Amino acid sequence: MKKVGIYIYRARVDIPNIIEAQLQKLHDYAVASDGTVVEKYIDIGRFQSYKRRSALRRLISDCKAGKLDEVLVLRVRHLSRKAEEFLDLYNRIAENHVALNIVEEPISEELVNLLQIIGVLKEKGKLKKEELIGAGCKALLNEYGPKKTE
């Protein structure tokens, strides 16, 4: 059985039972995919950077220490809303041979590769801010399609 860590981030806590519901959903997913939840990492509050989220820092540390085989997160934005920061976190997890599984918004290697290319171009000053935003939006649109309204 693989050792699974569950990460939850909530900026708001005014929705009753939201954290428990997310924990249950991720726990059920782990069990269904032959995993054992060994740790739950929960950050609550509004943080501008992952560096201020103690549970996320602990999760990264546990990945480095070999305590996890897989990390489950419900949505991409629970790790970060910033493409660069998300890619950094993805790389920190993956470099320790830990799988990152975003349950409700699965990510593909193609999306990660596109985000890496965008990051390299930004570092080399080859793209203006507007072009970077456009490239990131296009990559995400290609991955998830247009937002559906109900």
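1. A residue is called buried when its relative accessible area is under 20%, exposed when that area is over 50%, and partly exposed in between (1.4 Å probe, protein chains only). By this criterion, buried residues account for 36% of the 150 residues in the chain.

2. The model is a predicted one, in which local features need pLDDT of at least 70 and side-chain atom pairs count only at pLDDT 80 or more, while totals for chains, interfaces and linings use all residues. Residues are numbered from 1 along each chain as its sequence is written, and side-chain values use heavy atoms, with hydrogens and water left out.

3. Helices (H or I, at least four residues) and strands (E, at least two) are DSSP runs, numbered from the N terminus. The chain contains five helices and four strands. Their order, starting at the N terminus, is β-α-β-α-β-α-β-α-α.

4. The chain exposes about 9400 Å², of which carbon and sulfur atoms supply 52%; the areas are from the Shrake-Rupley method with a 1.4 Å probe, and for residues only the protein chains shown count as cover. Contact means heavy atoms within 4.5 Å. Among contacts between residues at least 6 apart in sequence, 71% join residues at least 24 apart.

5. A nonpolar core is a set of buried Ala, Val, Leu, Ile, Met, Phe, Trp, Tyr and Cys residues joined through side-chain atoms within 4.5 Å. The largest such core has 20 residues, and those with the most contacts inside it are Tyr 7, Leu 59, Val 71, Leu 79, Ile 93 and Leu 100. Two or more residues each come from strand S1 (2-10), helix H2 (54-64), strand S3 (70-73), helix H3 (83-94) and strand S4 (99-102). H2 gives the most, with five residues. Another core, apart from this one, has ten residues, including Ile 6, Leu 26, Ala 30 and Leu 74.

6. The axes of H2 and H3 come within 8 Å and cross at roughly 35 degrees; axes are lines fitted to C-alpha atoms, for helices over the stretch in contact, and angles run from 0 to 180 degrees between N-to-C directions. H2 contributes Leu 56, Leu 59, Ile 60 and Cys 63 to the contact, and H3 contributes Leu 89, Arg 92 and Ile 93. These residues divide into six nonpolar, no polar and one charged. Here Ala, Val, Leu, Ile, Met, Phe, Trp, Tyr, Cys and Pro count as nonpolar, Asp, Glu, Lys and Arg as charged, and the others, Gly among them, as polar.

7. Within H3, the buried residues are Glu 85, Phe 86, Leu 87, Leu 89, Tyr 90 and Ile 93.

8. Val 4 is found in strand S1 and is buried, with a relative accessible area of 0%. Val 4 and Leu 68 are 64 residues apart in sequence, yet their C-alpha atoms are 5.7 Å apart in space. Not counting residues up to four places away in sequence, Val 4 touches Ala 30, Gly 35, Thr 36, Val 37, Val 38, Glu 39, Leu 68, Glu 70 and Leu 72.

9. Most residues other than glycine have a negative phi. Asp 34, although not a glycine, has a positive phi of about 65 degrees. Asp 34 is placed in the loop between helix H1 (18-32) and strand S2 (35-44) and is partly exposed, with a relative accessible area of 47%. His 97 also has a positive phi, near 60 degrees. His 97 lies in the loop between H3 and S4 and counts as exposed, at 72% relative accessibility.
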